[in-house]
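Hello,

Here is the structure I promised to pass on to you. Please open it beside this email, and my notes follow below.

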Amino acid sequence: MSRSPSGFPAGPNRHRGPGAAACGGLPASGCGGALTAPPAAADVLRCCAPLQRAAQSSAEGRSSRGAWLSAKNREWKFAVTAGIDEINIRQWEEGDVASRARYLQTLRQTDADRARELLEKTLAQESARDRVTLLGALRTRLSPSDETLLQNLLTSDRSKEVRTLAARLLSALPQSAFAQRMQTRLHDCITTEKKLFRTHWVAAPPQSFPANAAQDGIEEKPPGGIRVGERAWWLRQITARTPLGWWTAHTGMTPMELVLWAAKTEWKDALLQGLAEAVTLQDTDPDWIHAIINADVLTPQEAAELIGGLDGKEQREAWLKLTSSAPSLTWWLRLVMKAPFTWDTAFWLAVEKKLIAHLHTDAAQYDYELRNLLPELACRIPMTATSIPTPWPTGTKHWPSFEDAAHRFQQTLERRSRLRQMLNSKLEMTS
């Protein structure tokens, strides 16, 4: 079940009555507020407006009063999440592991300590696979208060997967004892040397397996599926578990400079793979995300998950760059259409160019998913670009199989245009 930020169920059943049903028939397009709508759009909007204001007011009231009470008395902290308990407690007590993990993630947003306490009480009763799923909820608002639990799991849990995840979460806590040990190990691997009267940074893995490294989840032998030498494997693991802030503080280089430097070293694969693993977990700034995406060491799925952390222009550029490594255009479209950023005309024209190029290929003939995506794609086009004709390849041999989908695409654009005109007229009448 999808949930609103306040913890209440989102979607058409959130409010009862005809207004709610009408709202469910008016999906947002995600492009600058443009909507697709049935003919009675004006009546729908009038129904939705008071419901939205009421829900927002109620949520704001609960949040502000709960926060005020919590600040006055620690024992009143429950007030912050009272609404979550009333609605979601059965999700935690009776749901499957995915539902319980979502509950913990929601609770972590408002009461991270309480969520951790619930997790501690249940972990011993869960299977290894479920422990990994539930433990992943700690990524939300990870803090030093989580260190004790994570350290205990690292040293005592029976599952290798759980211990590995605990180590990765600890690495995202720069002040944890674990992170400090990792920084000490990496400090001995990243040193300087003078060459031609200039000082250069050099990388060199440990000569022997580091003492006590196994207790911190460092494996001495690489897994069978990874073809890498032992020393490179040690360096990669240490790099992946060291807080990224250490690199800039230790070397004085920017993230982009560090990635470019790493790519020129003898141990570039170990360093870049380790940095990529660190970026995918740690709460990093856009500079690190931008640098590692441009290093081309991430899988398309990993890159897609990170792109959202970039700023607007860099995010659009990264999405377009991802098309070169994506498994298919349709896979890429499905992700970029759901990405929460605003499309501008230039971005749409770039997407359109790739779409039309794909429709000229033989592979498009059997791309049934793309036909279903086209009408939805029309909802992401910015209003400034809806009047620009799409150069459909009507002369290709398999165009007839796409003609109906293109027609529905055009109908969606026309409905959006009519709705925009109607809304503008209403605004002019009321102004």
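Arg 141 counts as partly exposed, because its relative accessibility is 47%; buried means under 20% relative accessible area, exposed over 50%, and partly exposed in between, with a 1.4 Å probe and protein chains only. You will find Arg 141 in the loop between α6 and α7. Although Arg 141 is not a glycine, it has a positive phi of about 55°. As background, most residues other than glycine have a negative phi.

Asp 296 is another non-glycine residue with a positive phi, here about 60°. Asp 296 sits in the loop between α14 and α15, and it counts as exposed because its relative accessibility is 58%.

Before you go further, please note that this is a predicted model: local features need pLDDT of at least 70, side-chain atom pairs count only at pLDDT 80 or more, and totals for chains, interfaces and linings use all residues. Residues are numbered from 1 along each chain as its sequence is written, and side-chain values use heavy atoms, with hydrogens and water left out.

Helices here are DSSP runs (H or I, at least four residues), numbered from the N terminus. The axes of α14 (residues 286–293) and α15 (residues 300–307) come within 10 Å and cross at roughly 155°; axes are lines fitted to C-alpha atoms over the stretch in contact, and angles run from 0 to 180 degrees between N-to-C directions. The two helices α14 and α15 are therefore roughly antiparallel (angles over 145 degrees; under 35 counts as roughly parallel, 65 to 115 as roughly perpendicular and the rest as oblique). Ile 289, Ile 292 and Ile 293 of α14 make the contact with Ala 303, Leu 306 and Ile 307 of α15, where contact means heavy atoms within 4.5 Å.

A second pair is α17 (residues 329–338) and α19 (residues 368–377), whose axes come within 10 Å and cross at roughly 30°. That is why α17 and α19 are roughly parallel to each other. On the α17 side, Thr 330, Leu 333, Arg 334 and Met 337 take part, and they meet residues of α19 including Leu 370 and Leu 373.

Finally, have a look at α8 (residues 160–171), which has twelve residues. Among its buried residues are Val 162, Leu 165 and Leu 169. The buried residues of α8 pack against α6, α7, α9, α10 and α13.

Notes
The expected span of a helix is 1.5 Å times one less than its number of residues.
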